[in-house]
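Dear colleague,

I am handing over the structure below, and my notes on it follow. Please read them with the coordinates open beside you.

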Amino acid sequence: MTYTQTEQDAVDLSVLQARYPEWRLWRADGGAWMATRADLTDAQTTAGMSPTLMEDTRRALASELAAQALADVHRSMGSECTVTAARDHLRDRRPCCSSAGQRERP
Ligand SMILES: [Zn+2]
């Protein structure tokens, strides 16, 4: 069955889109929540940042975008943060790198 976007989905997507302007967001035909960006450097990719995200729910996509953004912010502050560590940090406040706690909300 092909997914048909609802008005609520459109609102949810535009809220996320406003928060993460470097990403292009949409829902796939199968219903997955998608995000893509084309501007990653090799260093960002090495840190676990991905040019394409695919999640089952809006919530999962939002938390993955938050982890990607947090790792990016921490790396721009000079820390060796990774997306994996940032994901753990957002989940249970485990410090992800030396920048953890300096800016919780990217
Ligand atoms: Zn970090």
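**Sheet and overall fold**

The model contains an open sheet of 3 strands, ordered E1-E2-E3 and paired in the antiparallel sense, where two strands pair if DSSP finds at least two bridges between them. Strand E1 (24–27) and strand E3 (52–55) are the edges, and because each has a single partner strand, one side of each is left without a neighbour in the sheet. On average, neighbouring strands of this sheet are turned by 15° against each other, direction ignored, with axes being lines fitted to C-alpha atoms.

Please bear in mind that this is a predicted model, in which local features need pLDDT of at least 70 and side-chain atom pairs count only at pLDDT 80 or more, while totals for chains, interfaces and linings use all residues. Residues are numbered from 1 along each chain as its sequence is written.

E1 pairs with strand E2 (residues 33–36) in the antiparallel sense over 4 bridges, and Arg24 has Thr36 as its bridge partner in E2.

Taken as a whole, the chain has 4 helices and 3 strands, these being DSSP runs (helices H or I, at least four residues; strands E, at least two) numbered from the N terminus. From the N terminus on, the elements run α-β-β-α-β-α-α. The radius of gyration, taken over C-alpha atoms, is 14 Å, close to the 13 Å that the globule rule (2.2 Å times the number of residues to the power 0.38) gives for 106 residues, so the chain is as compact as a globular protein of that length. Its C-alpha atoms fill a box of roughly 45 × 30 × 20 Å, taken along the principal axes.

Best regards

Technical notes. Axes are lines fitted to C-alpha atoms, for helices over the stretch in contact, and angles run from 0 to 180 degrees between N-to-C directions.
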